[in-house]
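Good morning, and thank you for making time for this item.

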Amino acid sequence: MSNILCRQCQNPIKFDDKHISQRTGKKIPLDIETNERHDCPVRREQQQQAQQQLPSQSQQSQQMQRRHLQCNKCCGNEIYFDVNTKTQSGKFIPLDKDTGLPHQCQ
Ligand SMILES: [Zn+2]
Ligand SMILES: [Zn+2]
């Protein structure tokens, strides 16, 4: 039987008929040395990273960017605030939704 390499970590793995995933019906990759289910370190890392991308922080910042307001001074155009665009005194500057430039009331 020729060596099969794990596509993720390049370690040699094997398959046999006794180890079949009940969920997918596919043969489960096994470690050659231990005969145990291959616990792929690379794959595990990828899954951890995928989970870390989920948490609320990134969702929150996306919502921040998407939150548009209407200029309530005069024109009613849509504006937004960007955390990177502040006056020297630390106040948010209203930006035009379309241009991304500081909003100037008409
Ligand atoms: Zn692997
Ligand atoms: Zn305005």
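This is a predicted model: local features need pLDDT of at least 70, side-chain atom pairs count only at pLDDT 80 or more; totals for chains, interfaces and linings use all residues.

The chain contains 2 helices and 6 strands. Followed along the sequence, these elements come in the pattern β-β-β-α-α-β-β-β. The chain has 106 residues, and buried residues make up 4% of them. As for contacts with a separation of 6 or more, 20% are accounted for by residues 24 or more positions apart.

Let us turn to the sheet built from strands 1, 2 and 3. Here 3 strands form an open sheet in the order 1-2-3, and their pairing is antiparallel. Which strands are at the edges? They are strand 1 and strand 3, each of which pairs on one side only. Strand 1 covers residues 4–5 and strand 2 covers residues 12–14. These two strands run antiparallel and are joined by 2 bridges. If you wish to locate the pairing on the display, look at isoleucine 4, whose bridge partner in strand 2 is isoleucine 13.

The other sheet is formed by strands 4, 5 and 6. It is likewise described as an open sheet of 3 strands, with the order 4-5-6 and antiparallel pairing. Strand 4 and strand 6 stand at its edges with a single partner strand each, so one side of each has no neighbour in the sheet.

Strand 4, residues 69–70, is joined to strand 5, residues 78–86, by 2 bridges, and the two run antiparallel. Within this pairing, leucine 69 has isoleucine 79 of strand 5 as its bridge partner. On to the next pair: 4 bridges join strand 5 to strand 6, residues 92–96, again in an antiparallel arrangement. Lysine 86 is bridged to phenylalanine 92 of strand 6, and tyrosine 80 is bridged to leucine 95 of strand 6.

What lies between strand 5 and strand 6 in their hairpin? There are 5 residues between the strands, and in this hairpin glycine 90 takes a positive phi near 90°.

Now to helix 1, residues 41–53. Helix 1 has 13 residues and reaches 19 Å from its first C-alpha to its last, close to the 18 Å expected at 1.5 Å a residue. Is helix 1 largely in the open or buried? The number of buried residues among its 13 is 0, so helix 1 lies largely in the open.

Lastly, two loop residues. Glutamine 10 sits in the loop between strand 1 and strand 2. Its phi is near 70°, a positive value in a residue other than glycine. Glutamine 10 is exposed, because it has 9 other C-beta atoms within 10 Å and the cut-off for exposed is 12 or fewer.

Asparagine 35 belongs to the loop between strand 3, residues 30–31, and helix 1. Phi of asparagine 35 is near 65°, and here too the value is positive in a residue other than glycine. With 11 C-beta neighbours inside 10 Å, asparagine 35 also counts as exposed.

Notes:
Residues are numbered from 1 along each chain as its sequence is written. Chains are lettered from A and ligands numbered from 1 in the order in which they are written. A residue is buried if 20 or more other C-beta atoms lie within 10 Å of its own, exposed if 12 or fewer, and partly exposed in between; C-beta atoms are placed from the backbone. The expected span of a helix is 1.5 Å times one less than its number of residues. Two strands pair if DSSP finds at least two bridges between them. Two residues are in contact if their C-beta atoms, placed from the backbone, lie within 7 Å.
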